[in-house]
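Here's a quick briefing to read alongside the model. Have the sequence and the 3D view open as you go.

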Amino acid sequence: MGRPEAFRTSGRRWGYRLGLIGLFLMPLAGLTYGYFALRQSPRTAVEAAQQALAQARAVAAEQYAPTHWRKAEQVWEEVLRRWRLANQRWWSLPDDYAQITALARQAQHEAIVAAAQAAQVRDSLHRESRQMLAALAPRLDSLQRWLRLLPYRPAWLQQLQVAQQQYQAAQYAFEQQALWEAARKARQAHLQTLALTQQVSDYVRDYLAQVPRWRQWVAEARAEARRQNQWLIVVDKMARRCLVYRGDRQVAVFPIELGPNWMGSKHYAGDRATPEGRYRVVRKLGPGETRYYRALLLDYPNAEDRARFARARREGLLPPGAKIGGLIEIHGEGGRGADWTEGCVALHNQDMRRLYEMIPVGTPVVIVGTLDPPSWVQQMIAVHAR
């Protein structure tokens, strides 16, 4: 009977001992698990990804690097989903944390790439827009100034207005840091301006191709004036000058105004173009004989004008019922600061009085586009050549 009692006593002691050991080991196991779980927690990786996403958002990666940004957002959404599930469970497996950590690092990587690409694209757009806007401003100003000096063309004016509107839209977008829109509008304005500049330059260049012929007309007329010691009037339309010669001397230069459609030959009555050619004064009109103070009536149309008119009619280049017209004069009432005549040459009244008193009937009059292209024309062609 003594051995069983001793055995039971020994068993109880071992039971107590094992219980104590268990009580000691359980917290230790919990602490050990917590330690390793904490070491494997994705929190650090998640916070790093969150910070990278914030930096990408700060440089507008959504606008300037949309592909990498969408990828970063998709991976980040998956990180958050798995992270919420892991936190809802009382007991998370280390494998869950490992997957979340890997995804967070992928989201961080995509966000870093998106931020770098966005910064590069944004800087490039900013630089491109700024340079184009800086180049456009003087070019548009020059175009506007040239169109004021050239004959009125509604199509040119409309194109210029479109380019100016695109420029203003680009400028506004640039100020608002909408750089894609700024660059797009600036490119449109640039192309519109280039196209208009080319049209205007080609038009002027074609016109100036006649300069050698005009110079020959004037050289021949001046040689004849020297031989005969006679008067000669030369009208340079582009320079807006009326030059008066006697023999081999230039005795006067007067500013002039022309018809609004002054550039080119006169084709028919009512086109408001000032003719180009070699004419003579056929009549002097004093007070009461002209509406424009005093006038020198020219022999327009001459034989060359009539031949050109007949050719244009055969080729169908004239409006129905067009007539060649006449009554082209050098007259007074000028000084209005614009080209306003029906095709005549207008002078200030005081200049017209001097001219009227100097010039006899029969005086040769040579009207040319120009003898020396003015500086604004040379600048226009040079700008287009660049």
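**Strand pairing and packing**

V234 has L243 as its bridge partner in β2. On the β8 side, the bridge partner of V234 is V366. This is a predicted model, where local features need pLDDT of at least 70 and side-chain atom pairs pLDDT 80 or more, while totals for chains, interfaces and linings use all residues. Residues are numbered from 1 along each chain as its sequence is written, and side-chain values use heavy atoms, with hydrogens and water left out.

- Helices (H or I, at least four residues) and strands (E, at least two) are DSSP runs numbered from the N terminus, and two strands pair if DSSP finds at least two bridges between them.
- β1 (residues 231–236) has six of its six residues buried, so the rest of the structure largely encloses it; buried here means under 20% relative accessible area with a 1.4 Å probe, protein chains only.
- In a regular strand, side chains alternate between the two faces of the sheet.
- One side of β1 carries W231, I233 and V235, the other L232, V234 and D236, and all are buried.
- With β2 (residues 241–246), β1 pairs in the antiparallel sense over six bridges.
- Four residues sit between the strands of the β1 and β2 hairpin, and R240 takes a positive phi near 55° there.
- With β8 (residues 364–368), β1 pairs in the parallel sense over four bridges, and I233 stands opposite V365 in β8.

**The whole sheet**

- Eight strands make an open sheet with mixed pairing, in the order β3-β2-β1-β8-β4-β5-β6-β7.
- β3 (249–255) and β7 (345–346) are at the edges with a single partner strand each, so one side of each has no neighbour in the sheet.
- Helix α8 (residues 211–228) packs on the sheet and touches β1, β2, β4 (277–285) and β8, with its direction at about 160° to that of β8; contact means heavy atoms within 4.5 Å.

**Helices α2 and α4**

- The axes of α2 (residues 43–58) and α4 (residues 66–88) come within 11 Å and cross at roughly 150°; axes are lines fitted to C-alpha atoms, for helices over the stretch in contact, and angles run from 0 to 180 degrees between N-to-C directions.
- That makes α2 roughly antiparallel to α4, a label for angles over 145 degrees.
- The contact takes in R43, V46, A49, Q50, L53, A56 and R57 from α2, and W69, A72, W76, V79 and W83 from α4.

Notes:
Angles under 35 degrees count as roughly parallel, over 145 as roughly antiparallel, 65 to 115 as roughly perpendicular and the rest as oblique. Buried means under 20% relative accessible area, exposed over 50%, partly exposed in between (1.4 Å probe, protein chains only).
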